[in-house]
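Please keep the sequence and the model in view while reading.

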Amino acid sequence: MSREIGEVILDLKNVSLAFGGVKALTDISFDVREHEIRAIIGPNGAGKSSMLNVINGVYRPQQGEIVLRGRRFARMNPYKAAQAGISRTFQNIALFKGMSVIDNIMTGRNLKIRTNLLLQALWWGPARREELAHRAKVEEVIDFLEIQHIRKTPVGRLPYGLQKRVDLGRALAMEPSILLLDEPMAGMNVEEKQDMCRFILDVNDQFGTTIVLIEHDMGVVMDISDRVVVLDYGKKIGDGDPDAVRSNPEVVSAYLGAGH
Amino acid sequence: MPELASTQALDTFPRLLFHHAQVRASKTAMREKDLGIWQCWTWLEVAAEVRALACGLAEMGFTRGENLAIVGDNRPRMYMMMAAVQCLGGVPVPLYQDAVANELLFVLLDGEIRFAFVEDQEQVDKVLEIQAQLPHLEHVFYDDARGMRHYTQAFIHDVRELMAMGKIHHRNHPDLLAEAIANGHADDVSVMLYTSGTTGKPKGVRLTHRAFIAAAQGGVDFDDLTDSEDILSYLPMAWVGDHLFSYAQAMVAGFTINCPESAETVMNDLREIGPTYYFAPPRVFENLLTQVMIRMEDASRVKQKMFHYFMAVARRCGAEILDRRPVGLADRLRYALGRVFVYGPLKNVLGMSRIRVAYTAGAAIGPDLFRFYRSIGINLKQLYGQTETCAYVCLQPDGQIKFDSVGRPAPGVEVRIAENGEILVKGAMLLKEYYRRPDATAEAINADGYFMTGDAGLFDDDGHLKIIDRAKDVGKLANGAMYAPNYIENKLKFFQHIKEAVVFGDRRTMVCAFVNIDIGAVGNWAERRGIAYSGYTDLAAKPEVYGLIEECIEQVNRELVGEGVLGDSQIHRFLILHKELDPDDDELTRTRKVRRNFVAEKYAVLIEALYAGRQSQFIETAVKFEDGRQGKVAADLVIRDVRTFPLARKAA
């Protein structure tokens, strides 16, 4: 591959998160390098989604800090995260079911819209020009994800696998530098998984997007990621390239099971 | 435009192209939907791109008379490449884009291909797979750069590089292209199309500029086509029909070709473009109708009632109104109302509102299907022809449509019926030769210069040609009665629940059949009756489905009884196959025609079981998946007997 993994762009330092007495994350540190595919794995309830929510500021950790491109954030929030170029998809698809695919993906451009509400409502002058430019960008995403045939279909009528793809499309419309994927392949059949893998690798390869993903399918994780973090009961028990993780005895007993 | 001296006759495609670039420079020649927008090329722009491509090829060392392979979906640049190759006196060889690597191998070797132009990464990968076996291959150009960044092989180029090179070349040698076009001759080969190979290895059919322009001009005059037609180009470029309609006729008449965004969006694109001139094989019309019927079943009561009422009106008088025959005033009024409420909206949904002329060919079309489209006011007609005749032998004239014939011989075509019933044709549109197969050429064209089509047919009293079957397929039953398998299969396939059928009976005591159900139609039928199924194999084995198919076959038997000599061909026993016949398993050709002998060999046990009178038979079959993996499908197939009807024999 020609892409080169660069410097650390996202560094999580000693993050701890608790909901009342429940410790979701305990003293977790790991980093993400530019252009890499970084996976977070772990059994159910290990704190994977919490970790992702901390990164894009949905949850605020009680301790620890996030360093994004050298800037320290004790408190991240979703708006700041989005402005800093972090976008994400959701485990349980969070699309607007009644809206068409193109409109859903268009919402991903929201942060980049500069004209005011009045001009947009009138759809006049600069607002119109701007919308055309955004629409062109959205069409590129549609072309990239090969979903031209469902462009105008309401999302609620699509099969699950395609909805996941639209969800990814919306995240891509933001032109993110870091993309967070929460179980992008959950509930998919083999063919859909293959397609999704292909798209994730293509995003990473063509746009150089850094990707942090949570995934249950071990085969997928080991195939596509550069480095893997393993969580168990809110603690980090392994970190390294897929081979190192696979041979780490603690990881094997906690997650992969004796069979592997 | 320096490429075209005004003294030259417009008798080659490059000359036609540069002629259009002069006389209708700013008119749209091609459209393609890309990034959600219909991108347009005027004739002038097309000419400029063709010039760049041609000069680029010249720079790369492409020589006169050489073949160039073109593999991909219908894209403007693919058509432009054809014209560019023809400018240099070369021969474009379009190939089926869904062919697997090994199928490409044969043609690329046979054509000694040095240059190939392919659409995208998928096609490049196929070529790379077989590259070691292709000693001639020197350059591969691709159109779509997506995913191509990591291909470092020196012989793979972006077509844009070729065009950039061509522009420089043209600046340095401004006269080269004009000379190349001036050196072209109407009797040069303009294109090589490989026959689908229902029989043996594919053969390269070499057709000249003169032949294709004659066929295209004939068709254009016949239907009064103008330069304002719009056609949707979505059928494989390797197929003679697409080459005639989307390339040759567009070049002759100067109309616009429209390339869909992708294979999945064809229906949408059809609706957006609203073509005025349309071509589709019967199965496309059939799929459309099936979709309409399925959606109608889900519609509200009122809409259903309205639909059925007005369709009954249309069946009664629609075709007559289209043919301008006398129809009573009451029916005319009802039909006019129907046009407002049903036919108009329906045509709009089908993308057929603007159609002036629509053609179908390639296989027999069911009379009900044909009547349906004509009755709602779509001027659907049949034509007859083959690759060797530029798909131009017979056409149905407006107002003289018969469901069971393919029309009169087209202008400039001479048709004769040989003594054995075979159809013979002669005219300017005939092939020059089969590529490097003088034996096959000699076999196909007789001493009087007639091409032997291999089809059996007859003229009716009005001089319309009726096709019965492939001449070599027409056989005899054990009792000596005539047996025409395709004729029977087509009757079966006209039922919406039957997708494919293969009948056996030559030199046997009775006729038996294999059936493939149509998973869409039968699946819907099953859902309505609360029959649960897990997939094709499961659904095909349901006793209810057997019952459904049995009814269809019984009806065919009833029809056959009334058709004299064919009455002995009633189907006695049948089974429903456990898998769909598939071109990937070599059971169908790429144009989806059954390879009868191959199927008979592969499923010999089943045929034996049919004739041995067994009630069921176990079979296991290897299948190839699209990604190249292999798998197995096994099933215990039920065999059923069907009711046959006694023949009303002439009293002795």
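Where in chain A is the place of Arg69(A)? Arg69(A) sits in the loop between β4 (63–68) and β5 (71–73) of chain A. The model is a predicted one, in which local features need pLDDT of at least 70 and side-chain atom pairs count only at pLDDT 80 or more, while totals for chains, interfaces and linings use all residues. Residues are numbered from 1 along each chain as its sequence is written, chains are lettered from A and ligands numbered from 1 in the order in which they are written, and side-chain values use heavy atoms, with hydrogens and water left out.

**Overall form of chain A**

- Chain A has ten helices and ten strands; these are DSSP runs numbered from the N terminus, helices being H or I of at least four residues and strands E of at least two.
- The radius of gyration of chain A is 19 Å, close to the 18 Å from the globule rule for 260 residues, so chain A is as compact as a globular protein of that length. This radius is taken over C-alpha atoms, and the rule is 2.2 Å times the number of residues to the power 0.38.
- The C-alpha trace of chain A spans about 60 × 40 × 40 Å along its principal axes.

- Of the 260 residues of chain A, 53% count as buried (buried is under 20% relative accessible area, exposed over 50%, partly exposed in between, with a 1.4 Å probe and protein chains only).
- Among contacts (heavy atoms within 4.5 Å) in chain A between residues at least 6 apart in sequence, 68% join residues at least 24 apart.
- The accessible surface of chain A comes to about 12200 Å², and 50% of that surface belongs to carbon and sulfur atoms; the areas come from the Shrake-Rupley method with a 1.4 Å probe, and for residues only the protein chains shown count as cover.

**Residues with positive phi in chain A**

- Asp27(A) lies in strand β2 (residues 22–33) and has a phi near 50°, a positive value in a residue other than glycine.
- Asp27(A) counts as partly exposed, at 46% relative accessibility.
- Arg69(A), in its loop, has a phi near 50°, a positive value in a residue other than glycine.
- Arg69(A) counts as partly exposed, at 43% relative accessibility.

**Helix α2 of chain B**

- α2(B) is mostly covered, with 13 of its 17 residues buried.
- Just after α2(B), Gly61(B) takes a positive phi of about 95°.
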